[in-house]
Amino acid sequence: MSNYVKKIVSDYCVLDTETTGLSAYYDEVIEIGILRVRNGEITDRYEQLIKPENEIDGFITSLTGITNEMVADKPAIEDVKSDVLAFLGSDIIVGHNTSFDVRFLAAGFHEDIANEYMDTMQFARKLYPDLTHHRLSDLSEYLYLTNNEHRALADCVTTEELYEAMKTEMIRKGLGIKDLWQVNASGHKGIDIGAITATTDDIDEDGFFYGRHVVFTGKLERMARKDAMQTVVNLGGILDNSVNKNTNYLILGNNDYNAVLHGEKSSKHKKAEKLKLEGQDIDIIDEFTFYDIINDDQ
């Protein structure tokens, strides 16, 4: 996205949403949390549960603790648009995997979010490359931060602490933005890409799929699956045939993901949900969101 930036700032807003899935096309926001930060200190908070159009799936309730009863009398997302945009103002938005939160707000508000945004996950991947995972929970444990994941405002607090801790670490090490983001076009020969080999030597280590294990399932509407797999490999991803303990992303064809079919989940989908509830670093992505991600990376 053109609004994605990499900066060191003292004034910003931290954003997190809880949703019924990772697709802004098929899923819905059920909670919004925002912190306003001035000079590195939290000065104001916004927190709101949202009533979705469809019922919250049992998996999402297990993950977030948010039930259908909790949101029964809450406003629809359209009804909080003015309050949320006013709270954000013109601030840079900081979050963890922020592009997902921004996409969901844009979809719910039927309006693009004009604010620049940063992603603490990308900062963490650069600053702590030796960590196996860079989820908010992993970084919270590693850096001894406040950790009460899967509720919006609590995750905002952890993200604010993470961003400030990384700023401090960069100062201690004498690092600037340009030191973290250096283009590496070495070819990355160590990546296990299975039977499909990369057709480019210029693989960006900052890419969404770089070093991540990816599984496809279901028929894709816009691309042949082989072409989609080739794209993931060219972005530094690692292909797996089935969902396993190493899988980071399960990408579903739209017919498999569509909310109308919820309750008729494939075995791969069910296994991915089970692994996520057990603490694995795995997410389920629909086809359209996959296209958004690869367009951002390319």
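Y142 is partly exposed, with a relative accessible area of 44%, where partly exposed denotes the range between buried (under 20% relative accessible area) and exposed (over 50%), computed with a 1.4 Å probe on protein chains only. The model is a predicted one, in which local features need pLDDT of at least 70 and side-chain atom pairs count only at pLDDT 80 or more, while totals for chains, interfaces and linings use all residues. Residues are numbered from 1 along each chain as its sequence is written, and side-chain values use heavy atoms, with hydrogens and water left out.

**Aromatic pairs**

- The structure holds 13 aromatic pairs; rings of Phe, Tyr and Trp (its six-membered ring) pair if their centres lie within 6.5 Å, and planes under 30 degrees apart count as stacked, over 60 as edge-to-face and the rest as tilted.
- The ring centres of Y128 and Y142 are 5.6 Å apart and the planes stand at 70 degrees, so this pair is edge-to-face.
- Y128 lies in the loop between α5 (120-127) and α6 (136-143), and Y142 in helix α6, so the pair ties together parts that are 14 residues apart in sequence. Helices (H or I, at least four residues) and strands (E, at least two) are DSSP runs, numbered from the N terminus.
- Y128 is buried, with a relative accessible area of 8%.
- F216 and F290 also form an edge-to-face pair, because their ring centres are 5.5 Å apart and their planes are at 90 degrees.
- This pair links distant parts of the chain, with F216 in strand β6 (residues 213-217) and F290 in helix α12 (residues 287-297), 74 residues apart. Both F216 and F290 are buried.
- One aromatic cluster is formed by F100, F208, F209, F216, Y249, F290 and Y291.

**Charges over rings**

- The charged end of R36 sits over the ring of F87, 4.1 Å from its centre; the criterion is that NZ of Lys or CZ of Arg is within 6 Å of the ring centre and within 35 degrees of the ring normal.
- F100, a member of the aromatic cluster, has R103 over its face, at 6.0 Å from the ring centre.

**Positive phi**

- Most residues other than glycine have a negative phi.
- H110, although not a glycine, has a positive phi of about 55 degrees. H110 is found in the loop between α4 (98-109) and β5 (117-119) and is exposed, with a relative accessible area of 66%.
- Y144, likewise not a glycine, has a positive phi of about 60 degrees. Y144 lies in the loop between α6 and α7 (152-173) and is exposed, with a relative accessible area of 76%.

**Sheet and packed helices**

- An open sheet of 5 strands has the order β3-β2-β1-β4-β5, with mixed pairing; two strands pair if DSSP finds at least two bridges between them.
- β3 (41-49) and β5 are the edge strands, each pairing on one side only.
- From one strand to the next, the twist averages 25 degrees; axes are lines fitted to C-alpha atoms, for helices over the stretch in contact, and angles run from 0 to 180 degrees between N-to-C directions.
- Strand β1 (residues 12-19) and strand β4 (residues 93-95) run parallel and are joined by 2 bridges. V94 in β4 is the bridge partner of V14.
- Helix α3 (residues 81-88) lies across β1, β2 (29-38), β3 and β4, at about 25 degrees to β2; contact means heavy atoms within 4.5 Å.
- α5 lies across β4 and β5, running at about 40 degrees to β5.
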